[in-house]
Amino acid sequence: MDLGIRGKRALVCAASKGLGRGCAEALAAAGVDLVLNARGAEALAETAAAIRAAHGVAVTEVAADITTEAGRAEVLAAAGNIDILVTNAGGPPPGLWSDWDREDFIRALDANMLTPIALMKALMPAMMARGWGRVVNITSQSVKAPIAQLGLSNAARAGLTGYVAGTSRQVAPAGVTINNLLPGIHATDRADSLDGGVAKAQGITIEEARQRRAATIPVRRYGTAAEFGAVCAFLCSAHAGFIVGQNILLDGGAMNATL
Ligand code: NAP
């Protein structure tokens, strides 16, 4: 299917690896020029070079921490006119409800709620003026089904979800859509780190932890970044203009719910 977005320009945050990279690759495959961000310059340069070579699109790299005001300013200065925004950042660390203090919550809110909001605020006015734009926020399955040890993530992402629910209806008349993609478990470094924690706590190998988790998912495997990216690219496509303010769960059926 031609996604109808060839020649558009996308900013994909936190995109040198994992789900962000999956989104970047799928957009590039649809002919979209990219501005890519991550903190580590080396992995970012490798990803950018691989995408240029595979898809022949223009790729601008900005190595910066997207969760800081200075980092966002650097990214936005390099970004120029952006038609498609994919927000993403690392997830907060796991822990216990009684461990977290105010500073932990502020860090999580900054990274996973206030950063995407700041990027939308910066980039949507020009999208609205041009009459077309797409925003996809990478959030988490924890928005629909809480993951107890990821309380910081549950809280911050719920806040972003509430903001998007209202804001998406305000910008839709100007041709801009905002939707959230909710990953269940996907095979990325983040999943390795979570499985590593489980393995340590339970005295099992990381492979055993992975197999036990996969056994709880109806498809019996982890998702891939390529599958995730393909859904993101569709939400950013010309065909997705009637999809507004949705929270789309990609979890292999893990959440047992009728609606
Ligand atoms: P990942 O494989 O660890 O990749 C994270 C990417 O983000 C890397 O490119 C990393 O590069 C970049 N990054 C991290 N913090 C950043 C920052 N502050 N500024 C700019 N770039 C940053 O993670 P992932 O699995 O793709 O996860 C992406 C998001 O989805 C996370 O918020 C995660 O919590 C959420 N999620 C993932 C899963 C899953 O199963 N994978 C499930 C639910 C939710 P640098 O380190 O070089 O910056």
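**Close-up views of a predicted model**

**View 1. Helix α8 and its cover.** What covers the buried residues of α8 includes helix α1 (18–29) and the strands β4 (84–87), β5 (133–138), β6 (176–183) and β7 (247–250). Covering here goes by contact, meaning heavy atoms within 4.5 Å. Helices (H or I, at least four residues) and strands (E, at least two) are DSSP runs, numbered from the N terminus. So which residues of α8 are buried? Helix α8 spans residues 225–235, and its buried residues are F228, G229, C232, A233 and L235. Seen down the helix axis, the buried residues of α8 fall within an arc of 155°, so they line one face of the helix. That arc is taken from the directions from the helix axis to the C-beta atoms. Buried means under 20% relative accessible area, exposed means over 50%, and partly exposed is in between (1.4 Å probe, protein chains only).

A quick note on the model: it is predicted, so local features need pLDDT of at least 70 and side-chain atom pairs count only at pLDDT 80 or more, while totals for chains, interfaces and linings use all residues. Residues are numbered from 1 along each chain as its sequence is written, and side-chain values use heavy atoms, with hydrogens and water left out.

View 2. An N or O atom in the side chain of S16 sits 2.6 Å from an oxygen atom of the ligand. For the side chain of R39, the distance from an N or O atom to a ligand oxygen is 2.8 Å. G184 uses its backbone instead: an N or O atom there lies 3.4 Å from an oxygen atom of the ligand. On its own, the ligand has 880 Å² of accessible area, and the protein covers 90% of that. These areas come from the Shrake-Rupley method with a 1.4 Å probe.

**View 3. N112 in helix α4.** You'll find N112 in helix α4, residues 102–130. Is N112 buried or exposed? N112 is buried, with a relative accessible area of 5%. A polar atom of the N112 side chain lies 3.3 Å from the backbone oxygen of G90. Not counting residues up to four places away in sequence, N112 touches A89, G90, G91, P92, A156, R157 and L160.

**View 4. Two loop residues with positive phi.** A14 has a positive phi of about 50° although it is not a glycine. A14 lies in the loop between β1 (9–12) and α1, and at 21% relative accessibility it counts as partly exposed. R220, also not a glycine, has a positive phi near 60°. Look for R220 in the loop between α7 (206–215) and α8; at 55% relative accessibility, R220 counts as exposed.

Notes: Polar contact = N/O pair within 3.5 Å; in protein donor to acceptor, adjacent residues only side chain to side chain.
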